[in-house]
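Please look over this protein before reading on. The report then walks through it in short steps.

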Amino acid sequence: MNNIFDKNELKKSIEYNMKSMYRKRLEDANAQEIFQTLSLAVKDVIIDQWMDTQRAMEEQDLKTVYYMSMEFLVGRALGNNLINLCVYKEVEEALKELGIDLNAIEDEEPDPALGNGGLGRLASCFLDSLSTLGYPAYGCGIRYHYGMFKQKIEDGYQVEVPDNWLKNGYPFELKRSEYAVTVRFGGDISTRMKDDGSIAFVHENYQVVRAIPYDMPILGYNNGVVNVLMMWDAEPVEEFQLSSFDKGDYRQAEEQRNLAKTLVDVLYPNDANIFGKELRLKQQYFFVSASLQRIIAKYKRNHPDIRRLYEKVAIQMNDTHPTVAVAELMRILIDEEGLGWQEAWEITKKTCAYTNHTIMAEALEKWPIDIFSRLLPRIYQIVEEINRRFKNEINEKYPGDMEKVKKMAIIYDGQVRMAHLAIVGGHSVNGVAELHTQILKKRELKDFYEMMPEKFSNKTNGITQRRFLAHGNPLLSQWITDHIGNDWITNLSELSKLKVYAEDEKAQLEFMNIKYKNKVRLAEYIQKHNHIEVDPRSIFDIQVKRLHEYKRQLLNILHIMYLYNELRERPDMDFYPTTFIFGAKAAAAYENAKLTIKLINAVADVVNNDPVIKGKIKVVFIEDYKVSNAELLFAAADVSEQISTASKEASGTGNMKFMLNGAITIGTMDGAVVEMVEEVGKENAVIFGMSADEVIEHERLRDYDPMEIFNTDVHVRTVLTQLINGKYAKNDTELFRRLYDSLLNTKCTEFADTYFILKDFEAYRQAQEKMNQLYQDEKRWAKMAILNTACAGKFSSDRTISEYVEDIWHLTKLDMSK
């Protein structure tokens, strides 16, 4: 398919687009204008393939999966689309002939602010794999206007500002007004008797918004398949109620407009107050209801029997956010399609499936009944009935066991438990790593597993090699292709062929030279954005991920404080220079997480400017971590920090991206790291700390006292004291007091080292010491790095999606040759 672009035609297309869009000649255009016109030229090619794909879907009438997710962290589209069209080099050459640098033009594209963390990035990898494997699919989400936030670092503090990614328009989307639907909130439910004697439910006095889908094409690699990311925007049903405005009722005149605006402004609004809680629930129902309405309408165009919906539609609920889909599908089937309860329930269960992404109880969403019933009155009635019937099932299976009812009921103690609704209302529940799934079965969801074991399975997460290797690390990508061919782009297990080069001295030199060049590239980015000079010959030790206490960025920075103390005392100690790099966003209301960011930057200010340690340590915090700068970080990393408290990380996918790019893992046996170590061998990673079983046992016994470690470990005592003696806070002894207290308060309460940072500190210190020594053995390090890349084959999202297709969705590939 690399003949779809002709250089001269591409140049003409860009020039024509520039003339029609901006009334300019190409030589007078700025970089943003060139990005827009180039993207439009690329979209013209995509549209043809998109139409062909939609035609094939209609003609072949295949089952389609609808992947519902609160977030999709898609990353920039231009470069990824060129990779998947197999024309990246041709376009790069064509632009070069015009005096244009493609890399500079790619930098003009904003990262679409449609997601934040691993949940959204996984969803985007899955869509890429579904298209590459040729399966019909839609992603379903929200077209956030400002995302979660754009992160600024001011005086070391995180400051949240709007991420106005749409200010110049976004070329890779299509507004589909013809598929607009309405979504209702609040109001009253009454009943009336229909002519056939059945009961009709009537919804009155509700608020309503119009949901408008914007479709974004998701290209498969070199196969002509284009699936769709369906992002819902909101508009008022009536643009402006002039009559109400003229009467002086300004509030009513603006009511619909404000509702529509707030629904799509931001991802994960602060839910520390009642308004934020209500808005989150409204957002979830908004995109789920809109998506289901479009799904049903699409199905009914060619299928008269709604009872067979599950034969053509699979709905995957990505974590608990979209699980209101169970009740909304029931509402549509009963209230709009006229089915009886039992018939609708069987269809719903056969259609819906649920992925659990967390072991953390706080992330298993629960809604107060008063909010849920007021905002979604009909949905709440349906959930009540689901709950009533399910409790009857529990009582039949476990007569008189009220403890089971307490643990498993969907509605209990004034709350609607969304994970329970998802489990009961679907045919499949999957975890996202072997360890995570086992913990779900044995602990978090034990009662459900015992009652319905057939629903549970594991689907270890994966990543797309096309973005995180082919696009993100072109030097390594070309080296791999030169050695084993390019089949790895669609079959990552091919990387195992690289194992024979692990001890080849020439291959080792080439591999490490590529790593060095990628470190130079990242060093230039850091110099430009952070104004910090880092040495690409130093070890690049990187921890980039959402900031949460269980991910233990605090452990990392406390260890850096320890190292700094040691180097201050012994500047000539045996220590290979290391650059410690962090990147993370903290939720706006998460005080400990935000204070950890301040601590990292405060330590950086001291360490980076101390001549005594001779630059042996540098600390860098990457502002506004996102997909585009993540690609630079993964390619440049020597050391991958995967140091979560064992048993807390469901899977992780950043760990896989580092591994794919030849970084060595320092980590606990948590999440997917367990399986990564199985693939690469424990000798090619540095593992430390308590096991998941040990953590769980300490939590059960509540026998851990961090004060014992404080009293007996001088290193721990010194760095913790520095949190409250003003060393990193310009003599303010209270600035980091909250972090100090979180580690030392009382025996294993919510506030006393809940995530065992001090318990694992000494093991982490020793692991870091070992890693530093390993790096100084150049041949051994190169071997380990090559083997990490060579053993990453299992962790492709192509493999994960194939397992979903085989075990859960039962899809058939599109035949694009017809």
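What follows is a brief report, from the whole chain down to single residues.

## Basis of the report

This is a predicted model, in which local features need pLDDT of at least 70 and side-chain atom pairs count only at pLDDT 80 or more, while totals for chains, interfaces and linings use all residues. Residues are numbered from 1 along each chain as its sequence is written, and side-chain values use heavy atoms, with hydrogens and water left out.

## Overall build

The protein has 33 helices and 23 strands. Both are DSSP runs numbered from the N terminus: helices are H or I with at least four residues, strands are E with at least two. Along the principal axes, the C-alpha atoms fill a box of roughly 90 × 75 × 60 Å.

A contact means heavy atoms within 4.5 Å. Among contacts between residues at least 6 apart in sequence, 76% join residues at least 24 apart.

## Surface and charge

Of the 818 residues, 61% are buried. Buried means under 20% relative accessible area, exposed means over 50%, and partly exposed lies in between (1.4 Å probe, protein chains only). The accessible surface comes to about 32,100 Å². Carbon and sulfur atoms hold 47% of that surface. These areas come from the Shrake-Rupley method with a 1.4 Å probe, and for residues only the protein chains shown count as cover.

The protein carries 103 positive and 123 negative charges, and their mean positions are 1 Å apart. Lys and Arg count as positive, Asp and Glu as negative; His and the chain ends are not counted. A charge is placed at NZ of Lys, CZ of Arg, CG of Asp or CD of Glu.

## The nonpolar cores

In soluble globular proteins, nonpolar side chains tend to be buried together. A nonpolar core is a set of buried Ala, Val, Leu, Ile, Met, Phe, Trp, Tyr and Cys residues joined through side-chain atoms within 4.5 Å. The largest one here has 278 residues, and Phe286, Phe372, Leu720 and Trp809 touch the most other members. Helix 9 (residues 274-302) gives the largest share of this core, eleven residues. Apart from it lies another core, of five residues, including Ala56, Leu62, Val225 and Leu814.

Which residues does tryptophan 809 touch? Beyond four places in sequence, its partners are Lys63, Val65, Tyr67, Leu130, Ala314, Gln316, Ile801 and Tyr804.

## Buried residues in helices

Helix 24 (residues 627-636) is mostly covered: ten of its ten residues are buried. Among them are Val627, Asn629, Glu631 and Phe634.

Leucine 95 sits in helix 4 (residues 88-97). It counts as buried because its relative accessibility is 0%. Not counting residues up to four places away, leucine 95 touches Ile14, Leu38, Ile100 and Leu102. Threonine 437 belongs to helix 17 (residues 434-444). With a relative accessible area of 2%, threonine 437 is buried. Leaving out residues up to four places away, threonine 437 touches Gly431, Val432, Ser457 and Asn458.

## Buried residues in loops

Leucine 339 lies between helix 11 (325-336) and helix 12 (341-351). Its relative accessible area is 5%, so leucine 339 is buried. Proline 269 is in the loop between helix 8 (250-265) and helix 9. At 7% relative accessibility, proline 269 counts as buried. Beyond four places in sequence, proline 269 is in contact with Gly276, Leu279, Arg280 and Gln283.

Two loop residues other than glycine have positive phi values. For aspartate 319, phi is near 75°. Aspartate 319 lies between strand 11 (313-318) and helix 11, and is buried at 7% relative accessibility. For serine 647, phi is near 95°. Serine 647 lies between strand 21 (639-642) and helix 25 (654-660), and is buried with a relative accessible area of 0%.
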